[in-house]
Amino acid sequence: MGESVGVVIPAYDPDILTLERYITDIRKVLDPETIRVEIDTPRQSHVDRLSQVAEVNASTSRRGKGAAIMSGFDALDTDILAFADADGSVPAASLDSIIQQIAEGTADVSIASRRHPASHIVAHQTIVRRLLGDVFAVAARTMLPTQCRDYQCGAKAVRTEAWQAIGHHCYEPGFAWDLEFVSIAGSLGYGIAEVPVDWEDHPDSTVNPVSTTIELATALIDVKRRTDAIAMSPRHRGVTKTDQSKLMKLGGDDGD
């Protein structure tokens with residue numbers, strides 16, 4: 001008997017038609033036990049439509065991406081937890097590859113990577129967004145103990161037992177949650193697979209590249225402080241930056 005899978009989709013002012021199609025694709029490819037849309041400040045008509053294709057939890061306030069994902073993960077009762085951004089930038093087939101790393105026991109945590117050498121970029125981000133993203137990725141690799149190519153790509157999966165430990169250390173409510181999640185997971189010693197994906201940018205995204213970069217830079221300092229504290233604790237003192245570099249090889253070929 002296969003392990004059960006729950007998928008969380010955080011959403012704020014999504015393109016409903018795109019999201020409905022994405023949910024349909026996920027259900028067809030993955031056949032998960034649950035697809036749960038965590039949507040902030042939605043129109044009632046959007047809730048009604050989404051409720052026809054998925055479980056929906058609507059918030060009357062804007063919680064942020066990270067808070068929405070954590071709410072969804074904590075609400076699910078499946079063996080494997082995954083999330084994917086509502087714009088469908090990571091297609092269902094690639095999401096399936098990410099989840100398979102967990103199901104096959106390759107790693108405890110599995111993350112999508114646009115910068116993996118085997119990834120296929122269907123449509124690139126604007127030059128400004130790509131530049132900001134590249135600079136941030138280099139800064140994060142320099143400062144944090146967990147080494148990977150792409151901290152922020154919008155699809156990740158984790159075994160439930162691992163999430164129960166990682167989640168205790170996650171506080172970022174917004175877009176910096178991805179960075180925090182990956183860094184905390186590595187600092188706690190969990191194996192991480194960085195998985196190549198097909199990826200397509202959606203220029204109509206609600207993400208503001210400048211304000212989001214500022215948010216990420218601010219969060220990077222706080223995440224470093226907390227991961228350093230984890231590394232210094234007696235329980236986790238044996239996990240080093242070198243160890244994390246070895247863990248990231250689970251994702252495939254070396255190199256940036």
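Predicted model: local features only at pLDDT ≥ 70, side-chain atom pairs only at ≥ 80, totals over all residues.

Trainee: Okay, sheet first. How many strands form it, and in what order?

Mentor: Seven strands form an open sheet, and they run in the order β3-β2-β1-β4-β7-β5-β8, with mixed pairing. At the edges stand β3 (55-59) and β8 (192-196), each of which has a single partner strand, so one side of each is left without a neighbour in the sheet. From one strand to the next, the twist averages 20 degrees.

Trainee: What about β7, which strands does it pair with?

Mentor: With β4, strand β7 pairs in the antiparallel sense over five bridges, and with β5 it also pairs in the antiparallel sense, over three bridges. If you want to find these pairs on screen, R159 in β7 is the bridge partner of I80, V158 is the bridge partner of L81, and V109 stands opposite V158 as well.

Trainee: And are the residues of β7 buried or exposed?

Mentor: Five of the five residues of β7 (residues 155-159) are buried, so the strand is largely enclosed by the rest of the structure. In a regular strand the side chains alternate between the two faces of the sheet. Here A155, A157 and R159 point one way while K156 and V158 point the other way, and all of them are buried.

Trainee: Which helix lies across β7?

Mentor: Helix α7 (residues 177-187) does, running at about 35 degrees to β7, and it lies across β4, β5 and β8 too.

Trainee: Switching to α1, how many residues does it have?

Mentor: Helix α1 covers residues 16-30, which makes 15 residues, and it reaches 21 Å from its first C-alpha to its last, close to the 21 Å expected at 1.5 Å a residue. At its start, a side-chain oxygen of D15 comes to within 3.2 Å of the backbone nitrogen of L17.

Trainee: Which of its residues are buried?

Mentor: The buried residues of α1 are I16, L19, E20, Y22, I23, I26 and L30. Viewed down the helix axis, they fall within an arc of 160 degrees, so they line one face of α1. On the other side of α1, R21 and K28 are exposed.

Trainee: Why would residues spaced like that point the same way?

Mentor: An α-helix has 3.6 residues a turn, so residues three or four places apart point the same way.

Trainee: What does that buried side pack against?

Mentor: The buried residues of α1 pack against β1 (5-12), β2 (34-40), α2 (44-50), β4 (80-84) and α4 (92-103).

Trainee: Now loops. Which residue takes a positive phi just after α1?

Mentor: That is D31, with a positive phi of about 50 degrees, and D31 is a residue other than glycine. D31 lies in the loop between α1 and β2, and because its relative accessibility is 61%, it counts as exposed. T41, in the loop between β2 and α2, is not a glycine either and has a positive phi of about 45 degrees. At 38% relative accessibility, T41 counts as partly exposed.

Trainee: And where is G105?

Mentor: G105 sits in the loop between α4 and β5 (109-113), and it is exposed, with a relative accessible area of 57%. Although G105 and G191 are 86 residues apart along the chain, their C-alpha atoms are separated by 9.8 Å.

Note on methods: Residues numbered from 1 in each chain as written. Heavy atoms only, no water. Helix = DSSP H or I, 4+ residues; strand = E, 2+ residues; numbered from the N terminus. Expected span 1.5 Å × (residues − 1). Buried < 20%, exposed > 50% of the residue type's maximum accessible area, 1.4 Å probe, protein only. Arc of directions from axis to C-beta. Contact = heavy atoms within 4.5 Å. Polar contact = N/O pair within 3.5 Å; in protein donor to acceptor, adjacent residues only side chain to side chain. Pairing = 2+ DSSP bridges. Axes fitted to C-alpha atoms, helices over the stretch in contact; angles between N-to-C directions.
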